[in-house]
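These are my notebook entries on what I looked up, in the order in which I went through it.

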2 protein chains.
Amino acid sequence: MSVIKRPLTTHELFDEFLRSNRKRRTVERFAILERVGNTTGHFSAESLFEIMQNDGYHVSPTTVYSTLELLVECGLVKRHRFNNKASIYERASGSASNHHHLICSMCGKIKEMRDSDIDTIIKNKRFPAFTQTSFALNIYGICSTCTRKQRREKKLKK
Amino acid sequence: MSVIKRPLTTHELFDEFLRSNRKRRTVERFAILERVGNTTGHFSAESLFEIMQNDGYHVSPTTVYSTLELLVECGLVKRHRFNNKASIYERASGSASNHHHLICSMCGKIKEMRDSDIDTIIKNKRFPAFTQTSFALNIYGICSTCTRKQRREKKLKK
DNA sequence: ATGTATGCAAACCATTTGCAATGAC
DNA sequence: GTCATTGCAAATGGTTTGCATACAT
């Protein structure tokens, strides 16, 4: 009997999640998880669907949506609703590399940002009648490109 | 000539915003701003539209949407996209009373939370090539009601 | 006078739903 | 065998758009 502990793979985590919630472990669900595992940044339900198609793997959008919901539920994927209509997803890599988003109010571009001070202070906060599991921090502002654009436009007005 | 400074009213702020952006100061826009000023918590575009109707003031949903966008643009209103499909708005009261949201992942209920330590650390953060104007912090977790519900359900399973 | 804003209806489009067929258990 | 899941097509619903009319400038 092995006592060596290694972190569970995402496959194992998802498997266990499905098992313990009496949900079925279908090939589609694991095929989707696999493609999610290959993503590096943000992706939409639609782009994930296209990735599957390009791989020659047939799944319906319906299944992509429902599986993404499960993955969000079990914490393997994060879902964001920035300013566009479509939801944006991303892999929830280990909690160590939690990151936040800088969103330009002018062009909508999104950059990632890490800050352990912020992480620590928020994670250690306790709230009455509420058990924290995670948090999302979105910082709005103007990116340097748009700042320059703004300056140019102001000059023209004068 | 008066040198006494008082904070501008939201009406004045909006007026100035419209002026300087060469947008028209229509009665509808100010009528909507007035109703927004009477709200206390979260509201949707639809509920705001209904408030106007109940007041006997005729505006189209189109105008409500476009005016809300202007109000968000000039910082008088905040827009949130939590987990439902509809956007949620709220008045952006003075920056002093900035607040954040505790969102229950099970029932979706949203509570407000204030924390000056968190505010300070985030506000004072500087980012490369990005000028911060505001931020939104959403904390996810389980509310006490749902925690109790969870415990009951686990007992039943056994 | 000029052209933006309004309001209606129609379009949009990401997501959800209904339902028959499939397949995990 | 049972019943959740899949996949298609159709529905949903908040939001946006097109366009004629009204009105701020």
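**Loop residues with positive phi**

I began with B:Arg22, which counts as exposed because 7 other C-beta atoms lie within 10 Å, where 12 or fewer is the cut-off for that class. I kept in mind that the model is predicted. I located B:Arg22 in the loop between α1 (10-20) and α2 of chain B, and I noted that its phi is positive, about 55 degrees, although the residue is not a glycine. I recorded this since most residues other than glycine have a negative phi.

I then turned to A:Arg22, which lies in the loop between α1 (10-20) and α2 of chain A and has a positive phi of about 55 degrees without being a glycine. A:Arg22 counts as exposed, because it has 7 C-beta neighbours inside 10 Å.

**Relation of the chains**

Next I looked up how chain A is related to chain B, and found that a rotation of 180 degrees, with 0.0 Å of shift along its axis, superposes chain A on chain B with an RMSD of 0.1 Å. I read this as the relation of a two-fold axis. In chain A, the C-alpha nearest that axis belongs to A:Leu137, at 2.3 Å from it. I also checked the interface, where 100% of the interface residues of chain A are interface residues in chain B as well, so the copies meet through the same surface.

**Helix α4 of chain B**

I listed its buried residues as B:Val64, B:Thr67, B:Leu68 and B:Leu71. They cover an arc of only 105 degrees around the axis, which puts them on the same side of α4(B). I found that these buried residues pack against α2 (27-38), α3 (45-54), β1 (77-80) and β2 (88-91) of chain B. Just after α4(B), I noted a positive phi of about 85 degrees at B:Gly75.

**Surface near DNA strand D**

Last, I looked at the surroundings of DNA strand D, where I found 23 residues, the closest being A:Lys23, A:Ser60, A:Thr63, B:Arg25 and B:Ser87. I noted that α2 (27-37) and α4 (61-73) of chain A, together with α4 of chain B, each supply at least two residues of this surface.

Terms used
Residues are numbered from 1 along each chain as its sequence is written. Chains are lettered from A and ligands numbered from 1 in the order in which they are written. This is a predicted model: local features need pLDDT of at least 70, side-chain atom pairs count only at pLDDT 80 or more; totals for chains, interfaces and linings use all residues. A residue is buried if 20 or more other C-beta atoms lie within 10 Å of its own, exposed if 12 or fewer, and partly exposed in between; C-beta atoms are placed from the backbone. Helices (H or I, at least four residues) and strands (E, at least two) are DSSP runs, numbered from the N terminus. The arc is that of the directions from the helix axis to the C-beta atoms. Two residues are in contact if their C-beta atoms, placed from the backbone, lie within 7 Å. A residue is near a molecule or strand if its C-beta atom, placed from the backbone, lies within 6 Å of it. Copies are superposed by least squares on the C-alpha atoms of residues with pLDDT of at least 70 in both.
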